[in-house]
Each structure stands twice: as structure tokens, then as C-alpha cells.
Amino acid sequence: MSKPELTVPDLSGKLAVVTGGSDGIGLGLAHRLAAAGAEVILPVRNPAKGQAVIERIKSAHPGAQVSTRALDLSSLDSVENLAGALNDEDRPIHLLVNNAGIMEPPGRQETKDGFELQFGVNHLAHFALVAGLFPLLRKGGARVTSQTSISANMGGINWDDLQWRNKYKGRGAYSQSKIAQLLFAMELDRRSRSYGWGISSNACHPGVTPTNLLAAQPGMGRDKDTTSVKMIRRFARAGVLVQAPEAGPLPALYAATSPDAHGGAFYGPKGLMHLSGAPAEQTLYKNGRSQEDARRIWDVSQELTGTRFPAV
């Protein structure tokens with residue numbers, strides 16, 4: 001089976017910010033962006049892990065411009081601190097990839113602000129980050145790419161219990177967080193076009209890729225790899241249905257950098273059932289099409305995070 005590939009345009013002079021860049025798909029994205037000449041900022045929770053990533057990227061790409069900043073997406077204070085620090089630097093941001101995420105802790109957990117962990121980290125923190133970086137995104141005429149999931153094509157928004165305090169279901173909460181991120185990406189692009197913000201926003205998903213999302217993570221209450229991630233790894237080794245690890249970043253890379261990608265669009269693998277293959281535009285999931293739901297999640301997210309975008 002041939003491996004999908006992607007040519008990245010010259011990104012010299014561009015500043016890119018990638019969340020979740022110390023592992024998995026985010027790490028692959030950081031490598032490719034740096035190799036194309038972009039200066040890459042990686043907000044990370046673990047400084048030692050972040051430094052190891054910098055050394056790894058610079059070893060592979062001598063002369064690469066890459067640095068880390070502190071960010072804990074389970075804390076809105078941390079998001080605000082990062083946004084404040086970058087605004088103080090006052091450098092236009094040209095690319096922002098909202099990539100970081102967590103998946104299906106076996107028991108309900110909360111962020112430091114009391115939100116259900118997946119909804120808080122995967123969606124609300126990124127919503128607050130975009131709001132906090134808004135002046136720099138406008139200055140850079142940025143493209144904002146939000147990483148969602150095939151899980152956004154399942155389930156729905158639990159409007160009556162967004163924080164899943166009653167009858168917690170890990171998979172349902174994960175789907176909700178990714179649907180919310182998809183709705184946000186589409187609404188950001190609509191508002192930018194309506195108000196002349198000059199920001200382009202799109203969304204993508206990686207298909208099925210053997211990352212560490214479902215691997216053993218004691219901090220999340222998961223002491224061993226799930227059956228799902230074991231199966232995904234086997235399929236990846238066999239080259240069946242599942243993306244190879246190096247192909248996982250390609251839809252986000254295409255959505256964030258390709259001159260053929262555009263705002264308000266949705267990208268993913270073009271293979272069977274969109275689980276693997278080269279990146280391409282695909283039909284927006286039904287869960288991401290409702291403008292009423294998008295406006296509603298926007299308003300709720302502003303209220304919960306205490307952030308505000310310009311009214312006009």
C-alpha cells in the first residue's frame with residue numbers, strides 16, 4: 001500500500017502555534033511546519049518533554065525555529081497566561097492549530113475550573129485560546145485549524161447536562177467535545193466573514209491513527225492500553241483501514257497550509273470510510289451543519305470561559 005504524502009508550501013516568515021505538539025499528531029505537525037520554514041511555538045504542559053521535542057526537531061531540521069511556552073489546557077488561568085504572554089510579544093500569528101485533546105477517561109473527571117475534562121480541554125480551552133489570541137490572529141490574517149474526530153459524526157451535544165454530571169458516558173462526552181469544536185470552527189469562519197475579521201477557520205480529522213489518546217495514562221485513571229488502541233495498532237501495522245502514524249498529521253497539515261484549503265471547510269482522509277488515505281475536503285458531518293447549534297455553543301462557551309469576541 002502506498003503511503004499518502006503532502007507537499008507543504010514555503011512557510012518562511014510565518015509564525016505557527018500548535019497545541020498538543022509534544023506527542024503524536026501534534027509532534028508530526030510541528031516537524032513538518034518547522035521543516036517548511038515556519039517558526040513554531042509549542043505550548044506544552046510538561047517543560048522537560050517540550051525541551052526534548054525541541055531537540056528532536058532541531059536535530060532533524062537544523063536551523064529550525066521552534067520554542068515552547070507553558071500551557072495547561074485544564075486551566076483557564078493557564079490559557080489566559082499564555083495568551084497574555086504572546087500578546088505581550090505582539091507578533092502576528094499566521095497559523096493556529098487547535099490540536100491537543102484527551103479521550104475517554106474511564107471515570108468522570110473535571111478541569112481546574114469544574115468542567116467535564118474532555119469538554120473543558122478539547123473545546124472550551126481552545127475556544128478561550130482563540131479569543132485570547134484574537135488580536136494576533138487578526139494581525140496575521142491567520143488560518144485557524146481545529147482538530148476534531150470521526151467521533152463528531154456520532155452522538156450529539158448533551159444540552160441538558162453539558163458537564164455530564166448525571167450518567168457520565170466517556171464516549172458520549174468525547175463526541176460532544178469534538179462536535180462542539182467542529183461547530184466552533186464553522187462559526188468562527190462565518191463570523192470572520194460577516195465582520196471582516198480577516199481570519200480563516202476550518203476543521204479536520206485524522207481518520208483513525210495509532211496515537212496515545214487511548215493508551216495507558218495513569219493520570220487519567222487508565223492503567224493499561226485499551227482494547228481499542230491495541231486493535232488500531234495492529235491494523236496500522238497491517239496497513240488496513242488505519243492511518244500509519246506518519247500519515248495522521250496530514251489532514252491538519254493540509255487544512256492549515258495548503259493554498260487549496262479554505263475557511264468553512266472540513267478535511268480528512270479520502271480513503272474508505274475516511275479512515276485513512278491522502279487528505280482531501282469532505283462533506284461536513286451532520287452534527288456540524290446547524291448554524292443554530294453553532295451560535296448556541298458559541299454563546300455558551302463565552303459564558304463558561306468568561307471570554308468575549310468583538311460584537312462586530
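Me: In which sense do strand S1 (residues 15–18) and S4 pair, and over how many bridges?

Reply: Two strands pair if DSSP finds at least two bridges between them. S1 and S4 pair over three bridges, in the parallel sense. Val17 stands opposite Leu96 in S4. This is a predicted model, in which local features need pLDDT of at least 70, side-chain atom pairs count only at pLDDT 80 or more, and totals for chains, interfaces and linings use all residues. Residues are numbered from 1 along each chain as its sequence is written, and side-chain values use heavy atoms, with hydrogens and water left out.

Me: What is the order of the strands in the sheet?

Reply: Strands (E, at least two residues) and helices (H or I, at least four residues) are DSSP runs, numbered from the N terminus. Here eight strands form an open sheet with mixed pairing, in the order S3-S2-S1-S4-S5-S6-S7-S8. Strand S3 (65–70) and strand S8 (279–281) are at the edges; each has a single partner strand, so one side of each lacks a neighbour in the sheet.

Me: Is strand S5 (residues 143–147) buried or exposed?

Reply: Buried means under 20% relative accessible area, exposed over 50%, and partly exposed in between (1.4 Å probe, protein chains only). In S5, five of the five residues are buried, so the strand is largely enclosed by the rest of the structure. Arg143, Thr145 and Gln147 point one way from S5, while Val144 and Ser146 point the other way.

Me: Which strands pair with S5?

Reply: Strand S4 (residues 95–98) pairs with S5 in the parallel sense over four bridges, and Leu95 has Arg143 as its bridge partner in S5. Five bridges join S5 to strand S6 (residues 200–204), and these two run parallel. In S6, Arg143 has Ser200 as its bridge partner. From S5 the chain crosses through helix H6 (residues 170–195) to S6 in a right-handed β-α-β crossover. Right-handed here means that, with the strands pointing away from the viewer, the path from the first strand over the helix to the second runs clockwise.

Me: At roughly what angle do the axes of H6 and helix H9 (residues 291–305) cross?

Reply: Axes are lines fitted to C-alpha atoms, for helices over the stretch in contact (heavy atoms within 4.5 Å), and angles run from 0 to 180 degrees between N-to-C directions. The axes of H6 and H9 come within 9 Å and cross at roughly 95°. That makes H6 roughly perpendicular (65 to 115 degrees) to H9. Among the residues making the contact are Leu183 and Phe184 of H6 and Ile297 and Trp298 of H9.

Key. Angles under 35 degrees count as roughly parallel, over 145 as roughly antiparallel, 65 to 115 as roughly perpendicular and the rest as oblique.
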